[in-house]
Structure formats: C-alpha cells, structure tokens
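Hi everyone, thanks for coming.

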Amino acid sequence: MKNLLKLTLLLLVATTFASCEKDNSYVDPGLDVSLYNISGTWQLETWNNGEALAEGSYVYIELSYRDGNRFTIYQNLDSFGPRRITGSYNLYTDESLGSVIRGMYDYENGDWTSRYVIRNLYTDRMTWIATDNADNVSLYKRCDGVPQEILDLFKEEIDSEKDEE
C-alpha cells in the first residue's frame, strides 16, 4: 500500500512538471511615466498616427525636470525656417487616461495645442496621443542630443539666455 501511494505521488509530481512548458510570451512592461523617465532629448519619428516626417523636416524636444520642468523644442515643421521654442511642462495622472503631459510656452504665448497621454515609455522610445484626437499619435525616439548643426542656428539666442542666468 505504501509503495502504491509513493508511486501515485511520484506520477502526480512527474505529470505536473512534464505539463509545464516555458512561457515565451513575456512582454516588457516598459518604464513608469515620471518626470525622471521622460527627461532627455527626443526626436519625433512619426506623427499623425504613423506618418513619417517630410524629408529635411525635424522636431527635437528636450525635457528637463531639474530646472523647473522646462522644455525646448527645435523644429522646422510649421514655419518658413527653423524655430526654437521654450517653455515649461507638467506631468499629471488622469484617472481614465493615465499619464498626461501638457506644456505652456514662454512669453505668454499660451498652452500647447493639445495635451498628450504618454504610452509605451521605454528607455529608447515613447508614444504621445492627443487627448482631444486619438488619431494624433506621435512616436518619439530618444537621442543623444540635438545635432550640432541645428544648435548652431540658435547659437546667439542660446548664449543670450545663458548670460541672463
């Protein structure tokens, strides 16, 4: 009887281990959306729900939490020439949407046109979805910094701001 009980227990344990297979469906959950994790320089890769930027067009956004949640945008999309735009931003949690970023331009030029839900934040990329238009989806990739040739276009402006500090 003891042998039969041991054999039954052994078969049960063996069956349990044999039925387990490795789960290869792990999905990286990404990073928590926080001021620290979104801080850095980001380049707009696609917008309008997957549309690539026109050749020669660019948007870089620098997000810094160390000096009062400041942003600097370098872009040449909506004007004749390149622009450098500064301001501050805020990150908050909306119970139904999740983490939302909103920005306010310097010099009393108002708020960003939209507020954006930040999704799929990883060390190298993040997605912004406009709260007022779910088709307005932008993918940003992290980069080492704004290219020097773009910074050179704004050298005097940047130097002037440094002198004011």
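Which residues have the most contacts inside the largest nonpolar core? Before I answer, please keep in mind that this is a predicted model. The core has 21 residues, and those with the most contacts inside it are I38, I61, L63, I101, M126 and W128. Two or more residues each come from β1 (40–47), β3 (59–64), β4 (70–75), β5 (83–94), β7 (116–119) and β8 (125–130). There is also a second, separate core of 8 residues, with Y58, Y60, I150 and F154 among them. As a general background, nonpolar side chains in soluble globular proteins tend to be buried together.

Let's zoom in on I38. Setting aside neighbours within four places in sequence, I38 is in contact with V33, L63, Y89, L91, I101, I118, L121 and M126.

Now for the rings. How many aromatic pairs does the structure hold? There are 9. One of the pairs is F71 with W112, and this pair is edge-to-face, at 5.3 Å centre to centre with 65 degrees between the planes. F71 lies in strand β4 and W112 in the loop between β6 (98–105) and β7, so the pair ties together parts that are 41 residues apart in sequence.

Terms used:
Residues are numbered from 1 along each chain as its sequence is written. This is a predicted model: local features need pLDDT of at least 70, side-chain atom pairs count only at pLDDT 80 or more; totals for chains, interfaces and linings use all residues. Side-chain values use heavy atoms; hydrogens and water are left out. A nonpolar core is a set of buried Ala, Val, Leu, Ile, Met, Phe, Trp, Tyr and Cys residues joined through side-chain atoms within 4.5 Å. Buried means under 20% relative accessible area, exposed over 50%, partly exposed in between (1.4 Å probe, protein chains only). Helices (H or I, at least four residues) and strands (E, at least two) are DSSP runs, numbered from the N terminus. Contact means heavy atoms within 4.5 Å. Rings of Phe, Tyr and Trp (its six-membered ring) pair if their centres lie within 6.5 Å; planes under 30 degrees apart count as stacked, over 60 as edge-to-face and the rest as tilted.
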